[in-house]
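Subject: Structure for you to look at

Hi,

Here is the structure I promised to pass on. Please open it and keep it beside this email as you read.

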Amino acid sequence: MLIKILFTVLISFVAYSQDIQEKVNMSLQNCFVKDIQIDFEKLQIKNELKNSIEKKAGQKFFSNEVYLYKIFIGKKLIGYGLLDNVYGKSLPITFLVMYDNTGKILCSEIIKYREPYGGAIQSKEWNDQFKGKNMESDFVVGKDVSGISGATISVNSVTKGIKKLTLLLNEIISK
Amino acid sequence: MKHFILFSILLILTQSIYSQDYNFFEPKATIAGYGELHYNNEKIGDAPSKAIWDFHRFVLFFGYSWSEKWSFKSEVELEHNFVKNGQGELELEQAYINYHHSDLFGFNVGIILPSIGLINEYHEPPLFFGTERPVYHNLIIPTTWFGSGASVYGNINGFDYRLMLFETLNSDKFTFSQGIRGGRMKGYKTDASRFLYSARLDYLNIPGLKIGASFSFNNAKGDTTNVDVTITEFHAKYEANNLTAIFEFGNISYNSGELRASRGYYIDLGYNIASFFELNTKIIPFVRYSDINTAAETFSGGDNEKRYHFNEWMIGLNVKPIDNIVFKVDYSEQVRKLDDRKSKFINFGVGYMF
């Protein structure tokens, strides 16, 4: 009995701390729909590229690496996912952007939001605005991206974050 | 049992290595702030005009996050740049502990801001039109309204809620000319025998739109008066495709005393014309209409219900070279209902947030 209880506690602890990874997997499955295989790697961004993208987007990267998911059906590469963080007012916002194999955004999702204000940024409706955008898009709040009253900082921050990843993905594809 | 322990150790070890991969949080202090310098020129009726410079607000935000769930947030404000003998104010506008359990539920406790109207909680200068905050947010909803309290909040399917227990108002300080404004206790040794109860609900799942309402009740008390106050307020803001449109309406009812109701509304319409020229700077001309009556209903009736009733037209321009900096200019005319007395205001200013 004791073992059973211990085991349950242990599993629920593990399940809880894995929520980001689980949510990422679920989002990738939902976005690409079919039976996909996912290749994961931590991508180190070279300094020169990092600086140039940061300048274009007007925002620093959270760290020197982002998480890259390559999506395959069989042996065919059909798309990508990039997981990164930006700062809201004071806490990191973890978000995932999913692309087709030409660098066009298919889906975007906030994986974890930690701030007490501005949680509406997680809505499907807000994130759906990024569908179809690519590196040529403006990514300007109030212009091609709608704001959220009460979530100004988070909206600006995530929009720049998605622009950064989109520019980065273009470099990954053109390699 | 032995196997179980081994398995557990293995699982915890791999887990801790693994979970670090996805643990992006680290304890961190945050500094932020905002401020605004104003030029105010007013001409009330036939009186000569008067112009002043006023560094209206200088605010520093300081916060610390111990964990993803527990954090501290604070805002200290210096108003009018200089404090002496009743001039200027130094205020602790926010200082609270926040527990963010999940999107569905969190709470905070300390010096907090009532969630009433669009501006009280989100009052940084780049976020509203006009050099000064809308007159509605001075006379009907008295911003910045802060004090001791606690609230629970969360978001369910696009509905954002907040329920609040907040310090009482002082009913001795209610006036015809400013409604409940003078009754705010600002967290200073407030009577703890009663509360203001407040509930707010917003819907946010239409991109660019925030629409909601709040309802608050307080059995307010002073040394000589005791008044039931009910604040009902509706707000909507649409901001997308270069367009900004805002509507707010508020009604305050008082169950005893001379003053029986304060009421007002305003409408804002603005458009970012820089979008025609593909500029990154936002250039937003706007127009505002306000109708305010802080003594909309009185016990005795008569002229008092017209003396504090005015409407106001404002035209202005907000220019934002970047989203965190705004230059503002506006012109407005107020007409008092009682005698058609006209007042004119020219304001300009600069504001920032970071």
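First, one definition. A residue is buried if 20 or more other C-beta atoms lie within 10 Å of its own. By that test, buried residues make up 38% of the 354 residues in chain B. Keep in mind that this is a predicted model.

**Chain B overall**

Chain B has three helices and 16 strands. Its C-alpha trace spans about 90 × 60 × 45 Å along the principal axes. Now take the contacts in chain B with a separation of 6 or more. Residues 24 or more positions apart account for 56% of them.

Start at β11 of chain B, residues 243–254.

Next, move on to β13(B), residues 282–298. This strand is antiparallel to β12(B), with 10 bridges between them. Here B:Tyr265 has B:Asp291 as its bridge partner.

**The cores**

Where is the largest nonpolar core? It has 41 residues, and A:Leu82, A:Val97 and A:Ile121 have the most contacts inside it. Several elements of chain A each supply at least two residues of this core, including α2 (19–32), β3 (76–87) and α5 (152–174).

Zoom in on A:Ile121. Leaving out residues up to four places away in sequence, A:Ile121 touches A:Ile110, A:Tyr113, A:Trp126, A:Ile148, A:Ala151, A:Ser154, A:Val155 and A:Val158. Another core, of 25 residues, lies apart from the largest one. Among its residues are B:Phe166, B:Ala220, B:Leu259 and B:Ala296. As a rule, nonpolar side chains tend to be buried together in soluble globular proteins.

**Where the chains meet**

How many residues does each chain give to the contact? Chain B gives 41 residues and chain A gives 32. On the side of chain B that touches chain A, the elements with two or more residues include α1 (2–21), β1 (28–44) and β10 (226–240) of chain B. The largest share comes from α1(B), with five residues. By class, this side of chain B has 15 nonpolar, 17 polar and nine charged residues.

Best wishes

Terms used
Residues numbered from 1 in each chain as written. Chains lettered and ligands numbered in written order. Predicted model: local features only at pLDDT ≥ 70, side-chain atom pairs only at ≥ 80, totals over all residues. Contact = placed C-beta atoms within 7 Å. Helix = DSSP H or I, 4+ residues; strand = E, 2+ residues; numbered from the N terminus. Nonpolar A, V, L, I, M, F, W, Y, C, P; charged D, E, K, R; others polar. Buried ≥ 20, exposed ≤ 12 C-beta atoms within 10 Å, placed from the backbone. Core = buried A, V, L, I, M, F, W, Y, C linked by C-beta atoms within 7 Å. Pairing = 2+ DSSP bridges.
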